[in-house]
Amino acid sequence: MRTPMLARFLAGLLLTTPLLAAAAPQYTVTVLAGPDSRAWDINLSGQVVGENGGNAWLHDGSVYLDLGAGSARGINDAGQAAGNTGGDGFFYSGGVMTAITHFGATFVGGLNNNGVVVGMAEVEDPENPFARHAYSWQNGVSTDIGTLNGFQSRAYSINDNGHIVGGTDIGGAPNYPLTPFLYRDGVMTEIAVFPGPWSEAMAINDHDQVVGFGNLLPNGGDLYPRTAFLWDNGILTDIGALGGSVYSYALGINNLSQVVGAFDNGLDPHAFLYENGSFYDVNALVDPASGWVIAEANAINDLGQIAGTACRDGSCYAVRLDLVPAVPEPATWGMLLAGCTLVGWRRRKGRAGR
């Protein structure tokens, strides 16, 4: 017996339609600290670190822990945190705060799951009193990882393989522009050559995918335009921006290759999410009735949770963005219903023909 044309059409449509139609992710907003606070990093448990009114803090979504004066810049999956206080860095573990000190002022950029901290510190240089080098620190031992030809470098991120990224100057007075570097197996390498100055690598995942910002292309009359990039095994991808914005900065990447950051025209910064080749304004992914403007996204964990800053009613707050569970779109439900109806119809016709 022939299947009617409509039934065959519905069956074919069902077979070629994904069970879950592709849709942009949606997020809820959880405020973690008071006005003028910022969230810098997030771990796999959803714990977030940041700064608020000059104090560093750690928040697990329900409990707020004040870590004292400074700014907490990184947290790992063990709940260890690192950051800056005064002119020194700090490492927090199990309720114990350890100072990270060098010759001069010290900046902490991040840490990995092995408790290795990276950042920038002043170094003794008789020829240049402003010399600052990227470093790594673990258990009280510091390693100067140097620069590329110049006298300044800074590290922002380290993955669990011990590979470090940041920015280093490559010479060129008087501005000494920075270029992104990858430090791996004891060797610092410039990962890409950009047309203009002031480019840096901001984060690295465990697959050695690197994100940051660089002068990829001239942009209007701006002297130093910055465009978010993704670097993967020598391939450089221009992540871009929305709405003709002059600036975009990629600030975080997880092990699923999801990238977060910020973009703006110099006046109105918005957070972005980049995944599977699609660029989203995060503000389009939260309930507009909430009134929040998500200004920046600084980190994303492997569960898709984002740490960043959101503004409302003239004040900005450190926030965590949590994914709303995905549900099939109406069109998908229609296809599933059509498929079930078709199966039932064919079974009834089969019994009737016996």
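**Entry 1: D208 and R184**

I began with the side chains of D208 and R184, which form a salt bridge with 2.7 Å from N to O. I kept in mind that this is a predicted model. D208 sits in the loop between β18 and β19, while R184 belongs to strand β16, so I noted a link between distant parts of the chain, 24 residues apart. Is D208 buried or exposed? With 12% relative accessibility, D208 counts as buried. R184 comes out as partly exposed, at 32%.

I then looked at the backbone of D208 and found a positive phi of about 65°, although D208 is not a glycine.

**Entry 2: N139, another positive phi**

I looked up N139 next. N139 is not a glycine either, and its phi is positive, about 50°. Where is N139 found? I traced N139 to the loop between β12 (132-138) and β13 (141-146). The relative accessibility of N139 is 69%, so I wrote this residue down as exposed. For D208, also a loop residue, my note says buried, at 12%.

**Entry 3: R38 and E296**

Back to charged pairs. I remembered that side chains of opposite charge can pair when their charged atoms come close. R38 and E296 do this through a salt bridge of 2.8 Å, N to O. Why does this pair tie together parts that are 258 residues apart in sequence? Because R38 lies in strand β2 (residues 37-42) and E296 lies in strand β26 (residues 293-300).

**Entry 4: R154 and E200**

I found one more salt bridge between the side chains of R154 and E200, with an N to O distance of 3.9 Å. The cut-off here is 4 Å, and the pair is within it. R154 is part of strand β14 (residues 153-158) and E200 is part of strand β18 (residues 200-204), which puts the partners 46 residues apart. R154 is partly exposed at 23% relative accessibility. E200 has a relative accessible area of 8% and is buried. How many salt bridges are there by this rule? The count comes to five, and my entries cover some of them, including R154 with E200.

**Entry 5: The chain overall**

I stepped back to look at the whole chain. I noted two helices and 28 strands. Of the 354 residues, 49% are buried. I also looked up contacts between residues at least 6 apart in sequence, and 40% of these join residues at least 24 apart. The accessible surface comes to about 16900 Å², and carbon and sulfur atoms account for 55% of that surface.

Last, I looked up the confidence scores. The average pLDDT of the chain is 85, and 80% of the residues score at least 70. Residues 1-21 stay under 50, and the model has 22 contacts beyond four places in sequence for them. Residues 335-347 also stay under 50, with twelve such contacts. Where pLDDT is low, the predicted coordinates should not be read in detail. So I left those stretches out of my close reading.

Terms used. Residues are numbered from 1 along each chain as its sequence is written. Side-chain values use heavy atoms; hydrogens and water are left out. Helices (H or I, at least four residues) and strands (E, at least two) are DSSP runs, numbered from the N terminus. Buried means under 20% relative accessible area, exposed over 50%, partly exposed in between (1.4 Å probe, protein chains only). Contact means heavy atoms within 4.5 Å. Accessible areas come from the Shrake-Rupley method with a 1.4 Å probe; for residues, only the protein chains shown count as cover. pLDDT is the predictor's confidence in each residue, from 0 to 100.
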